[in-house]
Amino acid sequence: MSGGQRAFDSGVERSRALLPDAPELWTYSSLREVETCALRYALSSASYPDLWDGYGYPRFVHPSALFGDIVHDSLERIVRALVAAGCSAASTPEAVAVLRALGGYSVVATEALEQRMAMLDGNPRVSATRREQIQRLLADRVPEARVDVQTRLSRLTLVPRRGRPAALGLALHSGGHTRTALGPGSYAEVSLRANELRIKGRLDLLTISASHVDIVDHKTGREDPDHLDQLRFYGVLWENDLAANPSRMPMGELTVAYPATDITIQSPDASELDRITQSIKSRVRAADEQIEADPPVATTGPHCVQCPVRSICPAYWDSMNHDPTSVAPNSWFDFEGIVGDQNGAKSWWLLDRFGSRRVLLLRIASGAELAQGQRLRLLGIRRDHDPGVDGIVATLTTTSESFILSGEIAGTR
Ligand code: SF4
């Protein structure tokens, strides 16, 4: 691990990043992220002292991602309560009583929504207007979240942890520092770690029976083979967590639970587990090296358009097509340029990034302010069709973002 903290100056105002060292333990998703683009991992988990006190780069909020979080949080809370009460399924009279005590599915989902909204406090990428918009959108989707949670729970089988006080069971796996062997029963949100392999993970549901262990992971997105790889990773994690699994209890089934269906596979056999273990070891070594590089390498590609740190990634802006003429009307695109002449009360001409020619007319919402000569990066502006304007017309909408460039672009020191 490197000694001093490395700084990365992207050239965007107030966005100097202090890059992290490689983590003590890697998760499945952090390894995947480094393998996609090491700079993305580094910038996402860096600290930004001039911007905010929060962890990593402030998150851009997608309502659909927040919806998934709400479903996940609601499930977690209900499954924990069912497990603590010794229920074997969501349909039993005991489970119905547990759900009633929680206030019912809609109340649980609404409370999860409120908690997720509270987590946006202080996020400089979420304006008050945008926040209200997101809150309204998600409040409208609470009935959908309720149905999703209810459907998933109806497919779930739990094994009560007999003879183990519920409170003790929770303390063992909910972030407490004492980690001991897990006995028979179901466990929601179990944190596992395999120190020797330097990996960790948080499993949605782990069920230990007399002869084997089953894992269920809930996903709110589309089916993806990556989800099964993640479960195999968890299989290796369980196999190598000597505190939680000292007796090396074998794995049974691995299930990815989607909104409408489950996909279940058998656990990898011994030789497959060994192959995955060796692969994880070399992936961890490679990820360490990539993150310790100065700077971590940027890998551009189609994934960049969804990248949460592309606003501060010089490689992205250097590699992109800066000509918006090929963007179809009503499509969204990113643009870097210099503010030129004001055209009207709410519209400005934008020049190319060298200031040499007009490229588009940008319409802005009331309240937004631009100044001639400003160098801007705009994310998610919408191309509009206006036959009355000789040139490309785009709009800075409530979901668009603008970043002001200052000084030199890119580099480490
Ligand atoms: S925009 Fe692309 S190249 Fe830049 S950090 Fe993101 S994924 Fe990497």
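Select D50 first. Is this residue buried, partly exposed or exposed? D50 has 37% relative accessibility, so it counts as partly exposed. The model is predicted, and the values here are computed from it.

D50 and R16 form a salt bridge, with 3.5 Å between the closest N and O atoms. The two residues are 34 residues apart: D50 sits in the loop between α2 (38-45) and α3 (63-84), R16 in the loop between β1 (6-8) and β2 (17-19). R16 is partly exposed, at a relative accessible area of 25%.

Next, select R155 and D262. Their closest N and O atoms are 2.7 Å apart, in a salt bridge. R155 is in the loop between α7 (142-154) and α8 (166-173), while D262 belongs to strand β7 (residues 262-266), so the pair ties together parts 107 residues apart in sequence. Relative accessible area is 27% for R155 and 32% for D262. R155 is partly exposed, and D262 is partly exposed too.

Move on to D386 and R363. This salt bridge has its closest N and O atoms 2.6 Å apart. Look for D386 in the loop between β11 (375-384) and β12 (392-395), and for R363 in strand β10 (residues 358-363); they are 23 residues apart. D386 is partly exposed at 22% relative accessible area. R363 is partly exposed at 29% relative accessibility.

Last, select R59, D69, D73 and R116 together. Salt bridges with shared partners join these residues into one network.

Methods
Residues numbered from 1 in each chain as written. Predicted model: local features only at pLDDT ≥ 70, side-chain atom pairs only at ≥ 80, totals over all residues. Heavy atoms only, no water. Salt bridge = Lys/Arg side-chain N within 4 Å of Asp/Glu carboxyl O. Helix = DSSP H or I, 4+ residues; strand = E, 2+ residues; numbered from the N terminus. Buried < 20%, exposed > 50% of the residue type's maximum accessible area, 1.4 Å probe, protein only.
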